[in-house]
Amino acid sequence: MDRIPILKMGPFLLVTIQVDLYDRLALNLESDLISMVSKTGARGVLIDISAVNIVDSFMGRILGNIASMSRIMDAETVVVGMQPAVAITLVELGLTLQGVYTALNVEKGMELLYKKVDLLSEQDDTIEEDQDPHDITD
Amino acid sequence: MISLTKDTMQIVREQDVVPFRNRVRELATKIGMSLVNQTKLITAASELVRNMLKYADGGKVVLEVVSKNGQAGIRLMFVDEGAGIENIPQAMQDGFSTGRSLGLGLPGAKRLVNEFDIKSKVNEGTTVTIIHWKNGR
């Protein structure tokens with residue numbers, strides 16, 4: 001069966017959709033991603049759709065589902081690289097992708113994910129806890 | 001309106017959707033349709049072909065390049081022999097679905113293309129015809 005590869009990159013999962021989607025493929029991606037989030041404890045999912053020419057209501061619903069399911073599993077989802085023609089079409093179709101974060105490209109999407117899951121401040125916290133608490137008052 | 005080319009594609013499986021979308025893109029490119037208008041047309045076609053598979057176990061699509069007043073366009077006719085639609089005004093409402101979907105397919109497809117026509121008879125089938133002109137108007 002056809003599958004879209006999911007890459008693990010640090011605390012995030014990265015998906016680049018390079019093929020024309022049909023419904024079964026999109027549904028497989030949805031279930032694969034959710035089980036990967038569960039298996040890896042990923043804190044974020046980045047989906048690159050820059051090579052996708054068509055997003056119809058079904059595909060839009062799958063993107064929304066992935067975002068809501070991931071959120072329940074404590075991971076944020078960012079969709080990046082949407083083509084302008086796809087964005088225009090989605091809005092006229094009546095699909096606003098509510099609850100799905102978007103960014104212009106992979107780089108900005110990564111930035112957004114880091115901000116959303118606040119990994120940096122969590123790291124700071126652990127460093128601070130390692131230090132002698134009295135030193136911090138200075 | 002004159003028909004310049006005409007061919008038919010059978011849609012019986014989900015996998016038929018991808019070559020069908022490619023064929024529509026080919027025709028739209030051939031008449032010089034802009035990318036935004038191509039995307040609108042193909043997205044509308046994708047919605048309608050899904051309906052055909054989901055509610056009527058497939059059907060056929062007649063693809064035509066047409067011309068009116070010197071302007072070229074693409075006409076797609078989706079013909080199925082499914083259960084038909086009892087209440088067309090209701091089916092054309094945003095958010096109405098008998099199949100647990102978002103209910104955007106029919107009304108969304110209508111918004112995306114220049115001309116939209118739907119005819120249906122219960123127990124006989126449904127025919128949806130859309131036209132999208134080269135300049136999108």
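Predicted model: local features only at pLDDT ≥ 70, side-chain atom pairs only at ≥ 80, totals over all residues.
Residues are numbered from 1 along each chain as its sequence is written, with chains lettered from A in the order in which they are written. Local features need pLDDT of at least 70, side-chain atom pairs count only at pLDDT 80 or more, and totals for chains, interfaces and linings use all residues, while side-chain values use heavy atoms, leaving out hydrogens and water.

Helices are DSSP runs (H or I, at least four residues) numbered from the N terminus. Axes are lines fitted to C-alpha atoms over the stretch in contact, and angles run from 0 to 180 degrees between N-to-C directions. In chain B, the axes of helix α1 (residues 17-30) and α2(B) come within 10 Å and cross at roughly 150°. This makes α1(B) roughly antiparallel to α2(B) (angles over 145 degrees; those under 35 count as roughly parallel). Contact (heavy atoms within 4.5 Å) involves residues including B:Val17, B:Phe20 and B:Val24 of α1(B) and B:Leu41, B:Ile42 and B:Val49 of α2(B).

Helix α2 (residues 35-56) of chain B also packs against helix α4 (residues 105-112) of chain B, with axes that come within 9 Å and cross at roughly 155°. These two helices are therefore roughly antiparallel, and α2(B) passes α4(B) in a left-handed crossing. Among the contacting residues are B:Lys40, B:Ala44 and B:Leu48 of α2(B), together with B:Gly105, B:Leu106 and B:Leu112 of α4(B).

In chain A, the axes of helix α1 (residues 23-40) and helix α2 (residues 57-72) come within 10 Å and cross at roughly 5°; α1(A) is therefore roughly parallel to α2(A). Residues of this contact include A:Asp23, A:Leu27 and A:Ile34 in α1(A) and A:Phe58, A:Ile62 and A:Met69 in α2(A).

Between the chains, 23 residues of chain B are in contact with 20 residues of chain A. The buried area (accessible area, 1.4 Å probe, lost on putting two parts together and summed over both) is about 2000 Å², of which carbon and sulfur atoms give 57%. Three salt bridges are found across the interface, each defined as a side-chain nitrogen of Lys or Arg within 4 Å of a carboxyl oxygen of Asp or Glu. The side chains of B:Arg50 and A:Asp23 form a salt bridge with an N to O distance of 2.6 Å.

Definitions and conventions
Parallel < 35°, antiparallel > 145°, perpendicular 65-115°, else oblique. Left-handed = near helix turned anticlockwise from the far one by under 90°.
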